[in-house]
Amino acid sequence: MESAEALFVGILGIFVGGGIGALIGRNRKIGAGWSFLLGAIFGIIGWIIAACSERTNITKFDDMSRNGGIQ
């Protein structure tokens, strides 16, 4: 029975690691899918790789002080 519990904990750890990787990579160039795989396989190293990927949805703000503000 101990090996079944260890297998369950191992599989659960893979899904948790992959889920954290997907959350990190969902707004990055690498994407959530690849980040999930990296997090599931490499753990914290995969998270770091995903976090180092370039962001895709960077919000750009307009300078409202030009042209008299809101019109």
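Let's start at Gly43, which sits just after helix H2 and takes a positive phi of about 70 degrees. When I say helix, I mean a DSSP run of H or I with at least four residues, while a strand is a run of E with at least two, and the numbering goes from the N terminus.

A quick word on what we're looking at. This is a predicted model, where local features need pLDDT of at least 70 and side-chain atom pairs count only at pLDDT 80 or more, while totals for chains, interfaces and linings use all residues. Residues are numbered from 1 along each chain as its sequence is written, and side-chain values use heavy atoms, with hydrogens and water left out.

Overall, the protein has 3 helices and 0 strands, so the order from the N terminus is simply α-α-α. Of the 71 residues, 20% are buried, where buried means under 20% relative accessible area, exposed over 50% and partly exposed in between, using a 1.4 Å probe and protein chains only. Looking at contacts (heavy atoms within 4.5 Å), those between residues 24 or more positions apart account for 36% of the ones with a separation of 6 or more.

Now the helices themselves. H1 has 24 residues and reaches 35 Å from its first C-alpha to its last, close to the 34 Å expected at 1.5 Å a residue. The expected span, by the way, is 1.5 Å times one less than the number of residues. For H2, the 12 residues should span 16 Å, and the end C-alpha atoms are 16 Å apart, which agrees.

How do H1 and H2 pack? H1, residues 2–25, meets H2, residues 31–42, at an angle of about 145 degrees, with the axes 7 Å apart. The axes are lines fitted to C-alpha atoms, for helices over the stretch in contact, and angles run from 0 to 180 degrees between N-to-C directions. On the H1 side, the residues involved include Gly17, Gly18, Gly21 and Gly25; on the H2 side, they include Gly31, Ser35 and Gly39. By class, that contact has 6 nonpolar, 8 polar and no charged residues. For those classes, Ala, Val, Leu, Ile, Met, Phe, Trp, Tyr, Cys and Pro count as nonpolar, Asp, Glu, Lys and Arg as charged, and the others, Gly among them, as polar.

H1 also meets H3: their axes come within 9 Å and cross at roughly 10 degrees. The two helices are therefore roughly parallel to each other, a label for angles under 35 degrees, with over 145 being roughly antiparallel, 65 to 115 roughly perpendicular and the rest oblique. Gly17, Ile20, Gly21 and Ile24 of H1 make this contact with Trp47, Ala50 and Ala51 of H3.

Which residues of H2 are buried? They are Gly31, Ser35, Leu38, Gly39 and Ala40, and they pack against H1 and H3. Ser35 counts as buried because its relative accessibility is 0%. Leaving aside neighbours within four places in sequence, Ser35 is in contact with Gly18, Gly21, Ala22, Gly25, Ile30 and Ala50.

Let me finish in H3, residues 44–52, with Gly46. Gly46 is at 0% relative accessibility, so this residue counts as buried too. Beyond four places in sequence, Gly46 is in contact with Leu38 and Gly39.
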